[in-house]
Amino acid sequence: MRAQDEAEIVACIPSLRRYARGLVSDPDRADDLVQDTLERAWSRLSMWQKRNELRAWMFGIMHNHFIDRLRAQRSRPEDSAGDELPELPQRAQQTDALEVRDLDRLLQRLPPEQREVLLLVSVEALSYQEVAQITGVPLGTVMSRLSRARARLRDEMASPSQRKEQDKVSHAAQRIQRVK
């Protein structure tokens, strides 16, 4: 293994940790996910095709491992993170830490497919094409998942008065469509 490859893998660790924490929200589980990803990357470095970006390849490994864990969890029922979440996000007025916590909870409410695409595009600044390659879905699916994730976050983050206004507009739009 070349020293340059090792340095590139090590340089990916902060991004991998950030992405993992966004996916699982529990810092210990996120660190386990990163460690498993690094272990797989080290052991399979010979499988990496030099024409692809190493960072995208590493995110692909993490994505696949995360999906494998989700499938394993579905086969054995456990407490889900959604049960512990409040019905409506509690927005703090004073501190950023509470706002970050609320955003993390909202992210955890998103379906895993939407959450991972949102994190890869918004936080890791990967292109849609790279995200499509990492997740193994078509480019249009990436864009659709991203759009739905953003819309759902926007709806969840809206204040109650904004939701009432959105409901009025939606109701009026439905009445107009019925006339046609």
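Contacts (heavy atoms within 4.5 Å) between residues 24 or more positions apart make up 62% of the contacts in the protein with a separation of 6 or more. The model is predicted: local features need pLDDT of at least 70 and side-chain atom pairs count only at pLDDT 80 or more, while totals for chains, interfaces and linings use all residues. Residues are numbered from 1 along each chain as its sequence is written, and side-chain values use heavy atoms, with hydrogens and water left out.

**The whole chain**

Begin with a cartoon view, which shows 9 helices and 0 strands. Helices (H or I, at least four residues) and strands (E, at least two) are DSSP runs, numbered from the N terminus. Next, colour by pLDDT, the predictor's confidence in each residue, from 0 to 100. The average for the protein is 80, and 76% of the residues score at least 70. Of the 180 residues, 34% count as buried; buried means under 20% relative accessible area, exposed over 50% and partly exposed in between (1.4 Å probe, protein chains only).

**The nonpolar core**

Select Leu16, Trp57 and Met58, the residues with the most contacts inside the largest nonpolar core, which has 41 residues. Such a core is a set of buried Ala, Val, Leu, Ile, Met, Phe, Trp, Tyr and Cys residues joined through side-chain atoms within 4.5 Å. Helix 3 supplies the largest share of this core, 10 residues.

Centre the view on leucine 16, which lies in helix 1. Leucine 16 has a relative accessible area of 0% and is therefore buried. Leaving aside residues up to four places away in sequence, leucine 16 touches Val34, Thr37, Leu38, Met58, Phe59 and Met62. From its C-alpha atom to that of leucine 33, 17 residues apart along the chain, the separation is 8.9 Å. Move on to methionine 58, which, with residues up to four places away again not counted, touches Ile9, Cys12, Leu16, Thr37, Leu38 and Ala41.

**The aromatic pair**

The structure holds 1 aromatic pair. The ring centres of tyrosine 19 and phenylalanine 59 are 5.4 Å apart and their planes stand at 65 degrees, so the pair is edge-to-face. Rings of Phe, Tyr and Trp (its six-membered ring) pair if their centres lie within 6.5 Å; planes under 30 degrees apart count as stacked, over 60 as edge-to-face and the rest as tilted. Tyrosine 19 and phenylalanine 59 are both buried.

**Helices 6, 7 and 8**

Now select helix 7, whose buried residues are Glu130, Val131, Ala132, Ile134 and Thr135. These buried residues pack against helix 3, helix 6 and helix 8. Just after helix 7, find glycine 136, with a positive phi of about 75 degrees.

Axes are lines fitted to C-alpha atoms, for helices over the stretch in contact, and angles run from 0 to 180 degrees between N-to-C directions.

Finally, show helix 6, which packs with helix 8 at an angle of about 95 degrees, their axes 8 Å apart. Helix 6 is therefore roughly perpendicular to helix 8.

Notes. Parallel < 35°, antiparallel > 145°, perpendicular 65-115°, else oblique.
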